[in-house]
Amino acid sequence: MRILFLPNWTVVQSNTNISDLQSPDKYIYGKPYWFFKYFSEDTQVDVIDIQAQSPLHGIEKKIKFYILQAVMAFKKSRQYDVVISHGAQSGLVYAFLNLFRKKERRTLHIIIDIGAMNGGRNNWIETFVIKWALRSHPAIIYHASIQQKYYEMIYKGLIKQSRFIPFGVNTEEFYPLGLPPEDYVLSFGYSKRDYPTLLDAWQKIDPSVRLYIIGDTSIPSINNIVSLPKSSISVLKQYIAKSLFVVIPLPVFNYSYGQMSFLQSMAMGKPVIVTKTPSSIDYLQNAQGAFLINPYDKTDMKNKIEYLLAHKEQLNDLGEKARKDIETGHFDEQTMAERMNEFIKTLL
């Protein structure tokens, strides 16, 4: 099976491994790419990323559509059995281009729809354009179950094949490092984070404990708050491993986001505090190593943080349960890959 993969990020292609990059961000020649390593041995995957080096990329970022990537893929698509778009930014452009090709000549197209097409909005102008593109009937994979209701309400009849497949973390890359914890709590992420609620809650926390926030440089380092810039994955793993526990504060959106951060932390054996949102509930509803808080509730946030700080002797046990939550919940990368592979086979 030949697959053409279109990620909505930059992928570095190299002859040698790059340890500071996560597997989605690097394509090592001669090695299987990302989760496709769990597909059958005869699977070949080629990648066309967002072409950030193109002069057109600045315009594409403003209009939030990756046109060049989709055009390049459309020209080559007949050489492949499947085209997989990760995100609607180029997936919808490619789907629109498919309308100009006869049905029998279209390569199977799948969109891994992270953001519910357009952030789940109902704006009639936006949905009109999307509905036009979806007339080529791409299949859809989504990581937050709430998105199915949105498809049925807005795009009924246009999305004929869709499946909820939970995101899976690479448990071989993210695992407990066995480092002694230091006296700080960690939060990280530079997009779609509800840091105001966390910061408000932290003002009432024991000042002897530090809060490290990685990724949002707009937050100043004051008192017991340490603000750090976005780091490499190897450095981030060190911060996760040495933390007491991890807090991932999320705003509320009806699509997929934030899952990679809390699943990676749990896979590394850390208990987590996460906002209860449509994106997290599929993964953490029954988790023993995770504490869900009400959205935008600084009192609930404060109480959960103080509880864990007051029971430090339980953190190791809670961390082991968090790792087990990943394994028993089947939120690992291999399970995700096997579910995607099975879905693709049914479509083919």
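Is Glu172 buried or exposed in this structure? In this predicted model, Glu172 has a relative accessible area of 56%, and because exposed means over 50%, Glu172 counts as exposed. Its partner in a salt bridge is Lys37, with the closest N and O atoms 3.9 Å apart. The two residues belong to distant parts of the chain, since Glu172 sits in the loop between β8 (162-164) and β9 (184-188), while Lys37 sits in the loop between β3 and β4, 135 residues apart. Lys37 itself is partly exposed, at a relative accessible area of 34%.

**Salt bridges**

Another one joins Arg2 to Asp46, whose closest N and O atoms lie 3.3 Å apart. Arg2 belongs to strand β1 (residues 2-7) and Asp46 to strand β4 (residues 44-47), so this contact ties together parts that are 44 residues apart in sequence. Arg2 is partly exposed, with a relative accessibility of 27%, whereas Asp46, with 18%, counts as buried, because buried means under 20%.

A further salt bridge is formed by the side chains of Arg163 and Glu342, at 2.4 Å from N to O. Here strand β8 holds Arg163 and helix α13 (residues 333-347) holds Glu342, so the pair ties together parts that are 179 residues apart in sequence. Arg163 is partly exposed, with a relative accessible area of 30%, and Glu342 is also partly exposed, with a value of 39%.

**Pockets and a cavity**

Rolling a probe the size of a water molecule over the atoms shows where empty space is left. The table lists the spaces described below.

| Space | Volume | Lining residues by class |
|---|---|---|
| Largest pocket | about 1800 Å³ | 21 nonpolar, 20 polar, nine charged |
| Second largest pocket | about 390 Å³ | seven nonpolar, five polar, five charged |
| Largest cavity | about 70 Å³ | six nonpolar, five polar, two charged |

The largest pocket is lined by 50 residues, and those nearest its centre are Asn8, Trp9, Ile114, Tyr190 and Ser191. Several helices take part in this lining, with α3 (88-98), α4 (116-119), α5, α8 (233-242) and α9 (259-267) each supplying at least two residues. Helix α9 gives the largest share of the lining of the largest pocket, four residues.

The second largest pocket has a volume of about 390 Å³. It is lined by 17 residues, and the closest to its centre are Asn17, Ser23, Lys26, Ile28 and Lys37. Strand β3 (26-28) and helix α8 each supply at least two residues of the lining of the second largest pocket.

The count of cavities of 30 Å³ or more comes to one. The largest cavity is lined by 13 residues, of which Gln22, Asn170, Met260, Gln264 and Glu333 lie nearest its centre.

**A nonpolar patch on the surface**

On the surface, Phe96, Phe100, Trp124, Ile125, Phe128, Val129 and Trp132 form a nonpolar patch, which together has about 840 Å² of accessible area. Helix α5 (residues 124-133) contributes the largest share of this patch, five residues. One of the patch residues, Val129, is found in helix α5 and is partly exposed, with a relative accessible area of 48%. Helix α5 also supplies at least two residues of the lining of the largest pocket.

Terms used: Residues are numbered from 1 along each chain as its sequence is written. This is a predicted model: local features need pLDDT of at least 70, side-chain atom pairs count only at pLDDT 80 or more; totals for chains, interfaces and linings use all residues. Side-chain values use heavy atoms; hydrogens and water are left out. Patches are made of residues with over 30% relative accessible area and no salt bridge: like charges are joined within 9 Å, nonpolar side chains (Val, Leu, Ile, Met, Phe, Trp, Tyr) within 5 Å. Accessible areas come from the Shrake-Rupley method with a 1.4 Å probe; for residues, only the protein chains shown count as cover. A salt bridge is a side-chain nitrogen of Lys or Arg within 4 Å of a carboxyl oxygen of Asp or Glu. Buried means under 20% relative accessible area, exposed over 50%, partly exposed in between (1.4 Å probe, protein chains only). On a 1 Å grid over the protein atoms alone, a cavity is a set of points where a 1.4 Å probe fits but cannot get out, and a pocket is an open set with protein on both sides within 12 Å along at least five of seven lines; lining residues have an atom within 4 Å of a point. Grid points are joined across faces, edges and corners, and a volume is the space filled by probe spheres set on the points. Ala, Val, Leu, Ile, Met, Phe, Trp, Tyr, Cys and Pro count as nonpolar, Asp, Glu, Lys and Arg as charged, and the others, Gly among them, as polar.
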